[in-house]
Amino acid sequence: MGNYGIKCARAGYSAPDAADDEMLLHSAFFNLGIVSQGAFTNVAAGETIYTHNLGYAPAFDVFITNGGYNYLLPAALPGGTFPRSCMVTTTVLRNATVGEGGSTITGYYFVFKERLDENLSATNLQTTSTTPGSDSADRGIKIARAGYNAPDAALNELSVISGRKVANETARLEILHMKATGTLSGNIEVANTVIHNLGYRARVKWFIKITGGEWQAVRNADDSFINNGTNTTNLHIGYTGSYSCLVFKNRADN
Amino acid sequence: MGDQGIKIAKDGINAPDATDQQLIFTSAHNHLKLVKVGTASYTFSSNPGTGTLTLATIAHGLSFTPGHDGHYQWNDPSSYTQNSVLPWVIVPSWGLAWTIYTISLRANATNLYIIFDRTDVGGGAPIDLTGHSFDFDYAIYGDNGA
């Protein structure tokens with residue numbers, strides 16, 4: 001019996017030939033599914049933003065509103081402040097406590113399907129890039145979120161969209177290349193390295209669980225920094241504990 | 001009308017029986033969509049003073065304030081963080097007098113902005129960014145971020 005599956009290339013690319021990072025959807029790869037998302041207002045330090053009850057700690061994004069703009073946490077705000085990441089447990093997404101650097105926040109959260117405590121091996125199927133063609137007609141796939149009608153749905157009411165008939169705007173999903181977990185080095189001079197071997201700088205999400213604490217997102221701040229190579233991503237941070245890194249097929253060097 | 005949708009299981013798993021963790025895709029979930037990706041560049045022609053400077057403004061054309069993230073490449077060969085995720089953060093001098101440089105992404109209902117900020121606390125000696133250049137790679141989500 002032959003292979004079964006589905007693959008859908010991004011707008012302008014040919015599905016049989018497209019490289020992995022040129023695909024919209026491919027049944028060999030997981031996409032970053034969103035379990036729950038929503039706005040929150042004036043959540044105090046340490047308080048719950050959302051109860052997910054997944055039974056595992058999931059990856060997440062939290063944006064906060066400050067001065068009329070939104071920023072992805074952990075952030076670097078004008079004025080030299082660094083609002084810390086929210087924390088996720090096996091049951092809740094919560095604001096950081098005062099001791100963890102938290103304060104009352106308003107914003108928007110995403111809880112993703114991917115769990116932080118497991119590895120996912122990298123798979124490369126097609127690594128040779130192709131040249132996108134032009135297409136003047138609207139073609140592709142769009143799937144509405146539950147309860148919405150696909151032909152009428154707004155962009156944020158769609159689960160998937162392969163592209164829009166607007167120049168230079170092609171939709172893409174976050175196709176997961178690999179997940180890696182490990183033990184933090186505990187020394188900011190010693191990199192925590194994840195080898196992805198994609199041959200290009202990839203989009204990544206880093207999370208850490210400091211000893212005695214909960215999982216939190218980490219980006220560049222006054223006590224941590226990330227350095228991305230073409231085949232690795234490296235986190236420098238001086239805490240002990242664990243790390244989890246999601247590496248996506250999408251490039252960070254378009 | 002009954003439930004309608006699509007779900008795709010990973011190799012070796014039967015879709016009707018699959019758990020969420022075993023599904024490659026399910027229309028029951030939204031998926032993080034990057035609806036606009038692009039690049040921007042900036043070179044400092046002189047060392048910036050204190051305050052916030054907008055390095056790039058990108059109109060996103062959405063009817064809501066979207067989520068976003070981004071990366072940068074910095075032409076400083078002496079740095080650990082030549083290629084990284086945003087925000088870019090430099091704290092050149094600690095102690096009684098210190099200065100913080102950051103480059104961040106932020107959005108409102110109209111635009112995505114790449115902004116630089118310098119905050120001096122105590123008047124510490126900052127690094128001179130004259131001639132330093134940055135290439136940015138940004139992604140705008142097709143979902144709310146506010």
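About 5600 Å² of area is buried between chain B and chain A, and carbon and sulfur atoms give 56% of it. The model is a predicted one, and the values below are computed from it. The size of an interface is often given as the accessible area lost when the parts come together. In terms of residues, 63 of chain B are in contact with 71 of chain A.

**Polar and charged links**

- Between chain B and chain A the count of salt bridges is two, and one of these joins the side chains of D69(B) and K205(A), with an N to O distance of 3.8 Å.
- Across the interface of chain B and chain A, 30 residue pairs are found in polar contact, with both residues of each pair at pLDDT 80 or more.

**The side of chain B that touches chain A**

- The elements of chain B that give two or more residues to this side are β2 (23–26), β3 (30–31), β4 (33–43), β6 (66–74), β7 (83–85), β9 (98–107), β10 (111–121) and β11 (133–144).
- Strand β6(B) provides the largest share of the side of chain B that touches chain A, namely eight residues.
- Sorted by class, the side of chain B that touches chain A has 28 nonpolar residues, 26 polar residues and nine charged residues.

**Strand pairing between the chains**

Conventions. Residues are numbered from 1 along each chain as its sequence is written. Chains are lettered from A and ligands numbered from 1 in the order in which they are written. This is a predicted model: local features need pLDDT of at least 70, side-chain atom pairs count only at pLDDT 80 or more; totals for chains, interfaces and linings use all residues. Side-chain values use heavy atoms; hydrogens and water are left out. Contact means heavy atoms within 4.5 Å. Buried area is the accessible area (1.4 Å probe) that two parts lose on being put together, summed over both. A salt bridge is a side-chain nitrogen of Lys or Arg within 4 Å of a carboxyl oxygen of Asp or Glu. A polar contact is a pair of N or O atoms within 3.5 Å; within protein, one must be able to donate a hydrogen and the other to accept it, and residues adjacent in sequence count only if both atoms are side-chain atoms. Helices (H or I, at least four residues) and strands (E, at least two) are DSSP runs, numbered from the N terminus. Ala, Val, Leu, Ile, Met, Phe, Trp, Tyr, Cys and Pro count as nonpolar, Asp, Glu, Lys and Arg as charged, and the others, Gly among them, as polar.
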